[in-house]
Amino acid sequence: MAEVCLENIKKAFGQTMVIPELDLTVQKGEFCVLVGPSGCGKSTLLRIIAGLEAPNAGKVLIGGRDVTRLEPSHRGVAMVFQSYALYPHMTVAENMEFGLEMAGVPRAERRRTVEEVAKTLRLTDYLARKPRALSGGQRQRVAIGRATVRKPDVFLLDEPLSNLDAELRVEMRLELARLHRELGTTMIHVTHDQVEAMTLAERIVVMKDGRIEQSGTPEALYSDPDNAFVAGFLGAPRLNMLPCRIVGQGQGHALADVPTLGLTRLPVLLREPSVAPPSEAVIGIRPECFSDAQSQYKVTLTAEVIEHMGSTGFIYTSASRSEGVVAELPRGLRPAIGEAIDLSLQTETCLLFDSSGNRL
C-alpha cells in the first residue's frame, strides 16, 4: 500500500480547462471514493494518477516518489475499467496471468498467485472458462483479479460497477469492501453513484467542475455538508430545497418561515451562530425529516406520486405549490394517490443555505 499525493494538478484539453487546480492526499490503505456528476473531472484525475493522462502542471507522488513523468507500468498501480477489458480468446486463468507473464514472472509462481487470488475472489471454479461463459459480475471479478495478482501499491477503479444490473452492483460492492479489508491496499474509486460512494468509502471526495467541493467520511458529508451542492448530491431521494424567509435568530438557531410547507418560525440550527443570516435563504429538508412522531411543526402533504420500495415508501407532491416536496412515509402508512396526510417535521437535521448555496 502507498500514499497518493496530488500537488497543484492542472489539466486542460485544448482551450477547455477540466481541472483548474487541485490538491489531494489519499492515505495509505484508505478506500477513497471520488464522486460527482458527469464531466466533473473525476475520471480524468484517476487517469492522471494512473499515467494514462499527463497533467499540464503539478505533481503526482505515490509512496513519496514523484511518478508524474513515469510510464503507467512503473507506478505500482493497477486499474480496473468499467468495460472489464478482458481478452475474449483467453481463459480466466490466462487473463489473470497475462500481466505477470509480460513482467517475466516464472510460470509456477504465476499459477500459484492466480490460484490464491481466484480463491479470494471465488473464481476457482471458473479458471478454465472464457469470458463469454461468465456473468457480468464474474467478469468484473476477473478484471479485479487481474489487477490483484500484480500486488499493486494502489488500486484505481473507474466506475467498475456501472455496467452491472442492480443486484450485481450490490454483490460487487460487498466484494470490493471485503477485498479492501483483506488486502489493506490503497483504493481510489470513481463513481457518479452516490449510493455506491456512501456504502463503500472510508472517505468521499465530492467534485464539481474540476474542483473539490468537500471531502470527509460519508456520515460527515451527509450530516454536515459545506454547501447545497454537496447536500443535494448525497442522499436518495434528494434533499428538499425550499425557499424561506429568516424572521428571527436566537440560541444558535435561525427562525424561518417556509411558505411551501405552511410553517412559520421554524427553528433551524446555524453552523455559524455568530453570523447573522440573510433575510432570504433556502432550507434543506431530507425526506426522512418527515415522520409521524410528535412535533409542533405539522405539515399536510397530498401525494401526487407514491414510490414503494418494500419496507420504505416516499411520496412526491407539488400540489398547489411551485416547489415539489418528497417525504419518507412512516412505516405502515400507505396513502392513495391524491390523499392528504398529516406529518410532523423534525427540525434537528434541517440545513440552511444562502442564495448562492453556501451553508449558513
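Which residue just after α2 takes a positive phi? In this predicted model, the residue is G104, and its phi is about 80°.

The chain holds eight helices and 21 strands. Its C-alpha trace spans about 75 × 45 × 35 Å along the principal axes. Of the 360 residues, 51% are buried. The accessible surface of the chain is about 16,800 Å². Carbon and sulfur atoms contribute 49% of that surface. Charged side chains number 40 positive and 44 negative. The centres of these two sets lie 6 Å apart.

Helix α2 covers residues 92-102. Its buried residues are V92, A93, N95, M96, E97 and L100. These buried residues pack against α3 and α4. Helix α3 runs over residues 107-120, and α4 over residues 136-148. F98 also belongs to α2. With a relative accessibility of 24%, F98 is partly exposed.

Aromatic contacts were considered next. The chain contains two aromatic pairs. In one of them, the ring centres of Y87 and F98 are 5.1 Å apart. Their planes meet at 65°, so the pair is edge-to-face, the class for angles over 60 degrees. Y87 lies in the loop between β6 (77-80) and α2, whereas F98 sits in the helix itself. The pair therefore ties together parts that are eleven residues apart in sequence. Y87 is partly exposed, at 33% relative accessible area.

Backbone geometry was then inspected. Most residues other than glycine have a negative phi, and most peptide bonds are trans. R122 has a positive phi, near 55°. R122 is placed in the loop between α3 and α4, the two helices against which the buried residues of α2 pack. D209 likewise has a positive phi, near 55°. D209 occupies the loop between β9 (203-208) and β10 (211-216). Its relative accessibility is 52%, so D209 counts as exposed. A cis peptide bond joins A236 to P237, with omega near -5°. P237 is located in the loop between α8 (228-233) and β11 (240-250).

The relative accessible area of V258 is 0%, so the residue is buried. Neighbours within four places in sequence were set aside for its contacts. V258 then touches L242, P243, C244, L263, L266 and I283. A340 is 82 residues from V258 along the chain. The C-alpha atoms of V258 and A340 are separated by 19 Å.

How values were computed
Residues are numbered from 1 along each chain as its sequence is written. This is a predicted model: local features need pLDDT of at least 70, side-chain atom pairs count only at pLDDT 80 or more; totals for chains, interfaces and linings use all residues. Side-chain values use heavy atoms; hydrogens and water are left out. Rings of Phe, Tyr and Trp (its six-membered ring) pair if their centres lie within 6.5 Å; planes under 30 degrees apart count as stacked, over 60 as edge-to-face and the rest as tilted. Helices (H or I, at least four residues) and strands (E, at least two) are DSSP runs, numbered from the N terminus. Buried means under 20% relative accessible area, exposed over 50%, partly exposed in between (1.4 Å probe, protein chains only). Accessible areas come from the Shrake-Rupley method with a 1.4 Å probe; for residues, only the protein chains shown count as cover. Lys and Arg count as positive and Asp and Glu as negative; His and the chain ends are not counted. The place of a charge is taken as NZ of Lys, CZ of Arg, CG of Asp or CD of Glu. Contact means heavy atoms within 4.5 Å.
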